[in-house]
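Reader: Please present the model, and then let us discuss its aromatic residues and its ligand.

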Amino acid sequence: MVVGGGIAGLTAARCLSAAHDVLVLEGSPVIGGKLRLASVAGVSVDVGAEAMLNRRPEGVALARELGLEVVHPSLATSRIFSRGALRPLPRSLMGVPFDVDEVAASGVLSEAGLARLRAEDVTAVDQDVSVGDLVADRLGDEVVDRLVEPLLGGVYAGRARHLSAAAAVPQLLQMARRGLLLEQAAGLPRSDVPVFAGLPGGMGRLPAVVAAGLQVRTDAPVRELGRDGDGWVLTLGSAHRPETVLARRVVLALPAAPAGRLLAGIAPYVDAIESASVAVVTLAFSRAAVEHLSGLSGFLVPPVEQRGIKASTFSFAKWDWVRDAGGEHAILRTSLGRMGEERTLQASDEALVARSLAELSALAGISAVPVDTHVQRWGGGLPQYAVGHVLRMEQVRSSLPAGLAVCGAWCDGVGIPAVIASARRAAADVVRAQ
Ligand SMILES: Cc1cc2nc3c(=O)[nH]c(=O)nc-3n(C[C@H](O)[C@H](O)[C@H](O)COP(=O)(O)OP(=O)(O)OC[C@H]3O[C@@H](n4cnc5c(N)ncnc54)[C@H](O)[C@@H]3O)c2cc1C
């Protein structure tokens, strides 16, 4: 039995189905979780995840294995809104720049911030530490506020001073243990391999293809998990009309909150994992309204700027397929919401659209009225990896009885390739030792 029909659950079920009878129980009416398409101005576009890392193999390999064409973003470049203007986004490893002169030329940092950046000194790093504390200690607060925060905000919707370096950017921690970050970042091999990949038609196409041939039951939220001899008993449905289902083995492929509830009394820590809520606002404009933005794929906004959005992706410029499918319309999206900023999203859909439009006008000069809009809320959408997460995950896994495994975004990484890897691991673990 696999509980949860997001990309983690579907991947785990696919792995297991070669040799076992598998049923996926999905709580909502649709499979796919954070991979979802919606129609905006008549064009089907992603309103959740829209890309996957290409420099990790799992996502692209799964897509190709399923016969899907894989594409890469265009060469349009990203900007960052810092110190009152949209500026070139310096190349970096999660905010640690490859080239200090490039940062200086971009104008992202003040003179004082630049001077502090150039003055890195080696400090000891033994145990896990937050990404923000690690980088602030070496390169100064301004690098954290204006480079690290917006990048982490995009991927985790998290705050740099809370997210675990070992879990979120392990390479950075290893570099800090070896010596100077800047020296090593400058020496990182440059690669021509595109960083990201996507699917024509959107990442939201992937779940249905993974699910083909699998047994899936939707509208089947699992509320309780208990032992039944060597196996498991799952309680699903509403409280007044419960249904029980028996399973020899169970893979839990749920977000942290429901996984934590089902694992209460079985595994530690999971119920303490926090998640950030985010929203994606998709807008369609006439092409003429965005002509002045050619060559740009979007921009990030650091929290220190205190604006109403944290990023905008110019999908029409980033993805050829979005541009072609859009025809007369240019489709782009904004994202809102970071950990600890729940109030940002406590507003009507109309208010989130209005805030996005105000920021697009002020920061990117888009002043037209959109021809269509769509608001997608992802309550508790992104798990937050607290300092010590990697060790605690080892404790979680070692406390699970035989025949029970976990996977998903809260385990070993929130990106699609990491989630797929966690699903493969869960599929292997759950059939072992029984
Ligand atoms: C707005 C946004 C943008 C993102 N962009 C990117 C990106 O561009 N690239 C990238 O790599 N990653 C991105 N991510 C992260 C990535 O999409 C997710 O980490 C990943 O899709 C999570 O997959 P999952 O299967 O672990 O969880 P989910 O997708 O959350 O799936 C879990 C499933 O479990 C179901 N469920 C919940 N409770 C129960 C229950 N009690 N019983 C049964 N079923 C239940 C849910 O309905 C859901 O279908 C983004 C995330 C968000 C929120």
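Author: A residue is called buried under 20% relative accessible area, exposed over 50% and partly exposed in between, with a 1.4 Å probe and protein chains only. This is a predicted model, in which local features need pLDDT of at least 70, side-chain atom pairs count only at pLDDT 80 or more, and totals for chains, interfaces and linings use all residues. Residues are numbered from 1 along each chain as its sequence is written, and side-chain values use heavy atoms, with hydrogens and water left out.

Reader: Is F316 buried or exposed?

Author: The relative accessible area of F316 is 9%. The limit for burial is under 20%. F316 is therefore buried.

Reader: Which kind of aromatic pair do F314 and F316 form?

Author: Rings of Phe, Tyr and Trp (its six-membered ring) pair if their centres lie within 6.5 Å; planes under 30 degrees apart count as stacked, over 60 as edge-to-face and the rest as tilted. For F314 and F316 the centres are 5.9 Å apart and the planes make 20°. The pair is stacked.

Reader: How far from an oxygen atom of the ligand does a polar side-chain atom of E26 lie?

Author: E26 is among the residues that come nearest to the ligand, as are K34 and A51. The distance from the polar side-chain atom of E26 to the ligand oxygen is 2.6 Å.

How values were computed. A residue is near a molecule or strand if one of its heavy atoms lies within 4 Å of it. A polar contact is a pair of N or O atoms within 3.5 Å; within protein, one must be able to donate a hydrogen and the other to accept it, and residues adjacent in sequence count only if both atoms are side-chain atoms.
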